[in-house]
Every structure is written in C-alpha cells, then in structure tokens.
Amino acid sequence: NPEITQNNLITRDLKLDVLMCIGELFLQCGDFCGKHVNRVMKLLHLSCEGVLSIPDLNYAEILQESIIETLMCIFHGITEDSIKNDIPTYLSMTVEFVRLTTEKSRHPKLDYVKECLMLLADISNIYPDTKAFLAKAEFIAERTATLVLFNKDGHLSQTIAYVKQQFQLKI
C-alpha cells in the first residue's frame with residue numbers, strides 16, 4: 001500500500017526492508033507479482049519524491065540506493081510479455097529519478113552512479129523498445145563520462161563498456 005511510506009508508525013528502517021522485500025519478490029516471482037506492479041510503482045514513486053524532499057541526507061542516500069535496487073529487481077524479474085509490455089510506462093519516472101539523484105549538486109557516490117547507469121542499460125537491454133527513449137537522456141553520457149574520469153584503476157571498465165555499448169556513446 002502506498003500509505004506505508006507516509007505511515008509514521010513504521011520506522012525508516014522497516015520502510016527500507018519493505019522496499020527490499022518487494023524487490024526480492026519481483027526478482028524471484030516477478031510474473032506472479034506482475035498484477036501488483038501498478039501499486040508497487042506508485043509506492044516507489046512516493047519513495048522517489050521522499051528522497052528528493054527529505055532533509056536527512058544520510059537517510060535519503062540509503063533510500064535512493066534501495067529504490068534503485070528494487071527497480072533493478074522489478075525490471076529483471078518480470079518475464080511474461082503481457083506484464084513486460086506495461087513496464088516501460090514507468091520509465092519516465094525512473095529516468096527522472098536517476099537524473100535528479102545523480103546530479104553533481106547532490107554529491108552522489110560513484111557506486112551509486114554506476115548502479116543507476118547499469119539499471120538504465122539493463123532496461124534498454126531487457127526492453128529494446130525503450131532504447132530510443134533512453135538514448136535521448138543526455139545525462140547518461142555525462143554520468144558515463146564521470147565514471148571514465150574516476151576509472152583510474154580500471155574497476156569501472158566493464159560498466160563503462162556496457163553503458164557505452166547499450167547507448168552507442170562515443171566517450
């Protein structure tokens with residue numbers, strides 16, 4: 001229920017656990033959970049709004065990481081075509097959330113930027129019809145360039161190569 005994110009009786013930690021459980025449920029039995037995808041995405045949308053408005057930056061950082069992990073599980077967990085066809089309708093929210101939470105002004109961790117780019121690249125791989133829409137998101141190239149800048153020891157090379165391939169970036 002989306003009200004869970006606004007319920008003050010439920011602790012912040014429990015809210016994070018709920019998000020992670022939802023992600024695991026979708027990853028393990030996504031097609032069975034598919035009938036709940038609309039409500040789950042509404043819950044995630046509320047959580048995204050919370051990340052952008054919560055004054056506690058430490059909690060906001062943890063929450064945004066949980067949201068990305070949950071989205072990754074949802075996008076990976078659904079395989080049935082009839083459910084899969086509905087998933088791209090939630091793409092705008094996902095892209096905007098990634099764009100906003102990876103802006104330099106928010107000082108995102110490098111691993112978080114990496115996970116966000118992996119999510120978008122995976123979405124374009126799993127849902128090929130989304131590739132054109134995602135390719136228009138200019139921030140993807142900017143964030144990938146940031147990874148390149150900080151890839152002195154080569155630990156981000158696989159991610160960079162995958163994102164560049166998925167979005168045909170020339171960086």
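**Notebook: contacts, core and exposed positions**

I began with the contacts in the chain: among those between residues at least 6 apart in sequence, 71% join residues at least 24 apart. I took contact to mean heavy atoms within 4.5 Å.

I note that this is a predicted model, in which local features need pLDDT of at least 70, side-chain atom pairs count only at pLDDT 80 or more, and totals for chains, interfaces and linings use all residues. Residues are numbered from 1 along each chain as its sequence is written, and side-chain values use heavy atoms, with hydrogens and water left out.

**Overall form**

I looked up the secondary structure and found nine helices and zero strands in the chain. I used DSSP runs numbered from the N terminus, with helices being H or I of at least four residues and strands E of at least two. The radius of gyration is 16 Å, close to the 16 Å of the globule rule for 171 residues, so the chain is as compact as a globular protein of that length. That radius is taken over C-alpha atoms, and the globule rule is 2.2 Å times the number of residues to the power 0.38. Along its principal axes, the C-alpha trace spans about 45 × 40 × 25 Å.

I recorded the surface next: the chain exposes about 9400 Å², and carbon and sulfur atoms supply 54% of this area. Accessible areas come from the Shrake-Rupley method with a 1.4 Å probe, and for residues only the protein chains shown count as cover.

**Core**

Buried residues make up 45% of the 171 residues. I applied these classes: buried is under 20% relative accessible area, exposed is over 50%, and partly exposed lies in between (1.4 Å probe, protein chains only). The largest nonpolar core has 52 residues, and those with the most contacts inside it are Met 41, Ile 67, Ile 74, Leu 120 and Ile 140. Several helices supply at least two residues each to this core, among them helix 1 (12-33), helix 2 (37-53) and helix 8 (139-149). A nonpolar core here is a set of buried Ala, Val, Leu, Ile, Met, Phe, Trp, Tyr and Cys residues joined through side-chain atoms within 4.5 Å.

I then followed Ile 140, setting aside neighbours within four places in sequence: Ile 140 is in contact with Leu 117, Leu 120, Leu 134, Val 163, Phe 167 and Leu 169.

**Links between helices**

I checked Ser 66, which lies in helix 3 (residues 57-77). Ser 66 is buried at a relative accessible area of 8%. Not counting residues up to four places away in sequence, Ser 66 touches Leu 16, Leu 19 and Met 20.

Asp 13 lies in helix 1 and is exposed, with a relative accessible area of 55%. Its C-alpha atom is separated by 9.4 Å from that of Leu 63, 50 residues apart along the chain.

I found Phe 133 in helix 7 (residues 131-135), partly exposed at 38%. Leaving aside neighbours within four places in sequence, Phe 133 is in contact with Leu 91, Ser 92 and Val 95.

**Positive phi**

I looked up two residues other than glycine with positive phi. His 107 has a phi near 50° and sits in the loop between helix 5 (91-101) and helix 6 (110-126). His 107 counts as exposed because its relative accessibility is 64%. Gln 168 has a phi of about 50° and lies in the segment after helix 9 (157-167). Gln 168 counts as exposed because its relative accessibility is 65%.
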